[in-house]
Amino acid sequence: MIDFASARRRLVNMLKDEGIIRSDRVERAMLSVPREEFLPSYLRLYAYEDTPLEIMYGQTISAPHMVAMMCELLDLRPGLRVLEVGTGTGYHAAVCAEAMERKGTVYTIEYYPGLALYATQNLAKLGYLGVVHVFIGDGSKGLPRYAPFDRILVTAAAPRVPPKLLEQLSSDGIMVIPIEERFTQVLYVVTKEDGVPHMRPVTYVSFVKMRYSEE
Ligand code: SAH
């Protein structure tokens with residue numbers, strides 16, 4: 001038997017030492033969510049390696065440091081309305097829910113119905129479905145019925161900030177999004193200043209590509 005709880009604690013301590021986890025809120029969230037429960041059984045052994053892992057449909061679950069870093073940048077707190085584009089396994093949505101003390105709502109949208117179902121099952125068995133709502137569709141268009149959002153988390157790289165996502169971000173909201181540049185991808189924190197996007201680059205990253213359309 002693998003001692004997942006100890007492995008999780010060790011990983012969280014390492015991310016604190018590296019300066020990735022900076023707040024008690026994100027530390028508690030990373031300690032609360034069992035990443036192994038979001039992985040197919042043959043990958044569980046690697047649940048607390050700080051690396052992305054390939055899941056179904058050629059998609060990946062992000063590395064723990066990326067999940068923690070994006071949660072820190074989002075400045076999550078109880079009561080917020082959060083949109084995640086790219087549900088994947090549902091792990092990151094669960095970490096967001098914990099960082100909000102399970103108070104508030106995470107709307108998460110996934111392109112592949114098979115992955116949306118997989119994520120829903122993972123989230124259901126851990127009791128997250130009251131806080132996290134999974135949708136199937138093209139998240140580059142956002143989720144207009146539930147807008148505006150206080151926070152938008154994008155976990156696939158887009159060629160530019162999707163205009164519909166910017167529209168659906170509240171005026172004092174925060175979006176964290178990887179953008180494809182010529183030879184690389186850059187993680188940005190996007191805020192709105194008088195309706196105009198303000199983009200702060202954070203670091204180089206490597207995400208799967210977002211399915212993207214502007215129609
Ligand atoms: N956050 C996930 C990892 C996401 S990987 C986790 O914690 O496991 C990126 C995901 O974005 C993939 O599942 C991919 O299918 C999805 N995706 C790509 N383009 C998308 C789009 N336009 N709308 C919704 N999901 C999309």
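Guide: Start at Tyr 146. Tyr 146 is partly exposed, with a relative accessible area of 24%. Buried means under 20%, exposed over 50%, and partly exposed lies in between (1.4 Å probe, protein chains only). This is a predicted model, where local features need pLDDT of at least 70, side-chain atom pairs count only at pLDDT 80 or more, and totals for chains, interfaces and linings use all residues. Residues are numbered from 1 along each chain as its sequence is written, and side-chain values use heavy atoms, with hydrogens and water left out.

Now the ring contacts. The structure holds eight aromatic pairs. Rings of Phe, Tyr and Trp (its six-membered ring) pair if their centres lie within 6.5 Å. Planes under 30 degrees apart count as stacked, over 60 as edge-to-face and the rest as tilted.

Phe 135 lies in strand S5 (residues 132–136), and Tyr 146 lies in the loop between S5 and strand S6 (149–154), so the pair ties together parts that are eleven residues apart in sequence. Strands here are DSSP runs (E, at least two residues), numbered from the N terminus.

Finally, widen the view. Ring pairs link Tyr 146 and Phe 135 with Tyr 107 and Phe 149 into a cluster. Tyr 146, then, is a partly exposed member of a cluster linked by ring pairs.

Terms used:
Helices (H or I, at least four residues) and strands (E, at least two) are DSSP runs, numbered from the N terminus.
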